Amino acid sequence: MILYTLEHAKNLKKVTVNYCETNNGQNEDDFMHSVIERKVSKQPEIMVPSQLATLIQTTRATGKKQYTVYEINTIDVIDWKRYGQDIGLHAWRDALDGNSLVWTKVMSVALEKRKGECDMLFKHSHMEEFSVVSKPPKRQKDKYKSKTLPRPQNAYASVPKLSLPKYNDLIALCSGPKPVVYQQDQIMFYSNLLIHRSNFLKLPK
């Protein structure tokens, strides 16, 4: 994902991802999730997922700005695993200095745009210098043959649907003499979960 972003970004030149040492995994994201969890726990009821977006937008840590929420649809979910296979990322294992890339031991990975192409660098320890990954030679059958990366594909060809038993459980909450879900717009949300959609999603051009 970072490789694709760097190639298409005009001003972004380098992205570095640092991983925490084992048993020391705490960062700003953990704090943000904790603040949101406390906010959600104080709400009397959340009937549909869309209510979470508004709730998170009104959440803030002391002295901080409110969080910005980006709502996504199925069409926004990209199959980055298949994309990595398409560009042969699994074959990037050896470094120019003789080190071997072992993903389970990586503590820092950087991707840097150099002369129109992206190089990958890694460390197995935060005390080390970066090693530059040596890209394997392109084979005839490889999909990644040119300097331009292929276009990523959608993760789903159509909108995923719930299983029938799960759907029936949710609909049961919308019926009966004292339904848990009683507002009409919320009932329609759950009723539409199993509607068949034959249209296939494609990335916008």
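**Close-up views of pockets and aromatic rings**

**View 1. The largest pocket and its lining.** Twenty residues, written as 20 in the count, line the largest pocket, and among them I72, N73, T74, V159 and F189 lie nearest its centre. A pocket is an open set of points on a 1 Å grid over the protein atoms alone, where a 1.4 Å probe fits and protein lies on both sides within 12 Å along at least five of seven lines; lining residues have an atom within 4 Å of a point. The model is predicted, so local features need pLDDT of at least 70 and side-chain atom pairs count only at pLDDT 80 or more, while totals for chains, interfaces and linings use all residues. Residues are numbered from 1 along each chain as its sequence is written, and side-chain values use heavy atoms, with hydrogens and water left out. The volume of the largest pocket is about 700 Å³, where a volume is the space filled by probe spheres set on the grid points, which are joined across faces, edges and corners. Its lining divides into 13 nonpolar, four polar and three charged residues; Ala, Val, Leu, Ile, Met, Phe, Trp, Tyr, Cys and Pro count as nonpolar, Asp, Glu, Lys and Arg as charged, and the others, Gly among them, as polar.

**View 2. The second largest pocket.** This pocket has a volume of about 260 Å³, and of its 14 lining residues M1, I2, L3, L89 and L111 lie nearest the centre. Two or more lining residues come from each of α1, α4 and β2 (108-114), and α4 gives the most, with three residues. Helices (H or I, at least four residues) and strands (E, at least two) are DSSP runs, numbered from the N terminus. The lining holds 13 nonpolar residues, one polar residue and no charged residues.

**View 3. A cluster of rings formed by Y4, W80 and Y83**. Y4 in helix α1 (residues 2-8) and Y83 in helix α4 (residues 80-86) are 79 residues apart, yet their rings form an edge-to-face pair, 5.8 Å centre to centre with 90 degrees between the planes. Rings of Phe, Tyr and Trp (its six-membered ring) pair if their centres lie within 6.5 Å, and planes under 30 degrees apart count as stacked, over 60 as edge-to-face and the rest as tilted. W80 and Y83 also pair edge-to-face, because their centres are 5.4 Å apart and their planes stand at 90 degrees. Y83 is buried, with a relative accessible area of 3%, whereas W80 is partly exposed at 27%; buried means under 20%, exposed over 50% and partly exposed in between (1.4 Å probe, protein chains only).
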